[in-house]
Amino acid sequence: MGAGGAARTWAAPPRPSRASRIVDRTGAGGAATWRAAPRRCSARGAAGSTAASATSTAARPPRRWAAAPPAASKAAARNTAAALAARSPAAPPPPRKKAAAASTASSSSSNNNTPPAASPSPHLTSPPSTTTTTTTTTTTTTTLAKPQPKTPLATAASAAPAALSAAFSRLRAAPRAALVLDGGTGEELFLRGVPDDRKIWSANALVRDECHDALRAVHRDFVRAGARAITANSYGVTPGVGFGEEKVRELVGLAVRIARGVADEEGKAQGKNVVVLGSLGPLVESYRADRVMPRVEGARWYAAMAAAMAAAGADGFIAETMSSAEESEQALDGVEKGGEGRPCLVSWSLRSDGRMRSGEEVQEAVPRVLRHAKAQGVAVPAVLFNCCEPEAITTALLALRAAPAALQSLAEHGAVLGAYANRLTPVAADWSLAAADAPQPMRDYLADPVRYADEFVRRWVDELQVKVVGGCCGMTPAHISAVCKTLRREGFEEV
């Protein structure tokens, strides 16, 4: 799994029949045109495979006619019937014609890096259409229009999520096993000199080229502390802070590529798998259930993010700091459309009383969201709580343990529990990033990594059956190291 989708390697196709050659000359490159297709390969990357296919096809010398046509769809076969009927079997092939490359309509305006002034939740235009138009001119030079194949989900998803799927299979099978996440990437970046402008928050580490090395160092230190899953720094890349669609795609893809590079490098050095999760955060404002986008609009934004992160090499996604069941369902809808079959963990932020920010009770929200995920065909291997006080997480976990219906739903859907608290003081109900002129204060007693690990994490894994642990805002590599030591001391296997 590299930094981006690798180009497919072209393999010599079966020799085309006379029928397929005729159709290729009369309608090159359109969606209804067919010709000898490259053999299936396992590499990802629709853009790379398109370029490789067009280059290798144009470079092939002419071949003799073959008796057997390649496998084609019924629709393509019907398209060739008229041409076959009009020609004698002995007729020579007609001269090649030049086809203009198909044009694809852009879904973004020229200023899509600037949010619409009239709305706090910019509208996401539809993904680029794959419908093509073709024109021809009479010439003996052949130029094949680039096809736009849709990668099968099984092919696109087969390589990247393998390590993630294996980790969760082990978590479900082993009574005492845990997956360790990283800590608070954003706050750690600020400690290392990345500016916090109170506007785009941790996204500064992406838009500023000079901060990329600091981001790599943060990921690297969390892995060396013991994290076996790192979350890409895509949380702050949202329309709510002013990013347009194309900029969102660009930056979330960059975030995953940076994390992917560190995960592969450190994993190889340690001889262990390190997975990368693409973060899907609130689109408008953290902690605010009252500012969640309408369902369709929100799902379209999440689909664009998921598609870009899947193409960049994410093993899966984590919809984190969700404020309501509705918000998390929008993220799952987006993953269903753009995630290429990858799983999505779902994590909620909580009020101090253990309820979700929306006021919903977790024991009611968990079954609802898992049913929705199943209906959408999205795997949710874990349900978690994050970015709130550890005491609030303990309260929510106790409520779940006392709710048989919620526990049954978790078991039926194969989902485990997870928790990663922050160090922040409780956040006000009307909090907003733009209105906060300074970072949220930290709680001093959680500055002690051992106290967090022994007082909270140990209880979660030992008594409340939590299988995925880590830290959120303010939790450093030292906290993750302490968590790993506690797990080993308590006899937990780290997957």
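Which residue in strand 7 is the bridge partner of Phe 317? Keep that in mind as you go through these notes on a model that is predicted.

1. **The opening pair.** The partner of Phe 317 is Cys 344, in strand 7. That pairing belongs to a set of four bridges joining strand 6 (residues 316-322) to strand 7, and the two strands run parallel. To get from strand 6 to strand 7, the chain passes through helix 11 (residues 325-338), and this β-α-β crossover is right-handed.

2. **The other neighbour of strand 7.** Strand 7 also pairs with strand 8 (residues 382-386), again in the parallel sense, over three bridges. Here Trp 348 stands opposite Phe 385 of strand 8. Strand 7, helix 12 (residues 362-376) and strand 8 make up a right-handed β-α-β unit. As background, strands of a sheet pair through backbone hydrogen bonds, in either a parallel or an antiparallel way.

3. **How covered is strand 7?** Strand 7 spans residues 344-348, and five of its five residues are buried. Both faces are covered: on one side you find Cys 344, Val 346 and Trp 348, on the other Leu 345 and Ser 347, and all are buried.

4. Now zoom out. Nine strands form an open sheet with parallel pairing, in the order 4-5-6-7-8-9-10-3-11. Strand 4 (229-231) and strand 11 (493-494) stand at the edges with a single partner strand each, so one side of each has no neighbour in the sheet.

5. **The largest nonpolar core.** In soluble globular proteins, nonpolar side chains tend to be buried together. In this model the largest nonpolar core has 96 residues, and the ones touching the most other members are Trp 348, Leu 350, Phe 385, Ile 393, Tyr 452 and Trp 460. Another core lies apart from it, with 32 residues, among them Tyr 287, Trp 431, Cys 472 and Val 495.

6. **A closer look at Ile 393.** Leaving aside residues up to four places away in sequence, what does Ile 393 touch? The list is Leu 350, Phe 385, Asn 386, Cys 388, Ala 419, Tyr 420, Ala 421 and Trp 460.

7. **Salt bridges.** Side chains of opposite charge can pair when their charged atoms come close. The whole structure has 32 salt bridges. One of them links Arg 249 with Glu 246, with the closest N and O atoms 4.0 Å apart. These two residues are three apart in helix 9 (residues 245-270), so about one helical turn separates them. Arg 249 is partly exposed at 21% relative accessible area, and Glu 246 is partly exposed too, at 33%.

8. **A network, and one more pair.** Arg 295, Glu 326, Glu 329, Asp 333, Glu 360 and Arg 368 are linked in a network of salt bridges. Within it, Arg 368 pairs with Glu 360, their closest N and O atoms being 3.8 Å apart. Arg 368 is partly exposed at 31% relative accessibility, and Glu 360 is partly exposed at 23%. Elsewhere, Arg 488 forms a salt bridge with Glu 494, at 3.1 Å between the closest N and O atoms. Glu 494 is partly exposed, with a relative accessible area of 27%.

9. **Helix 10.** This helix (residues 295-312) has 18 residues and reaches 26 Å from its first C-alpha to its last, close to the 26 Å expected at 1.5 Å a residue. Of those 18 residues, 13 are buried, so helix 10 is largely enclosed by the rest of the structure. Just after the helix, Gly 313 takes a positive phi of about 115 degrees.

10. Trp 201 has a phi near 55 degrees, a positive value in a residue other than glycine. You will find Trp 201 in the loop between helix 6 (185-191) and helix 7 (204-207). Gln 465 is not a glycine either, and its phi is positive at about 60 degrees. Gln 465 sits in the loop between helix 15 (449-463) and strand 10 (466-469). Are these two residues buried or partly exposed? Trp 201 counts as buried, at 16% relative accessibility, while Gln 465 is partly exposed, at 36%.

Key
Residues are numbered from 1 along each chain as its sequence is written. This is a predicted model: local features need pLDDT of at least 70, side-chain atom pairs count only at pLDDT 80 or more; totals for chains, interfaces and linings use all residues. Side-chain values use heavy atoms; hydrogens and water are left out. Buried means under 20% relative accessible area, exposed over 50%, partly exposed in between (1.4 Å probe, protein chains only). Two strands pair if DSSP finds at least two bridges between them. A crossover is right-handed if, with the strands pointing away from the viewer, the path from the first strand over the helix to the second runs clockwise. A salt bridge is a side-chain nitrogen of Lys or Arg within 4 Å of a carboxyl oxygen of Asp or Glu. A nonpolar core is a set of buried Ala, Val, Leu, Ile, Met, Phe, Trp, Tyr and Cys residues joined through side-chain atoms within 4.5 Å. Contact means heavy atoms within 4.5 Å. The expected span of a helix is 1.5 Å times one less than its number of residues.
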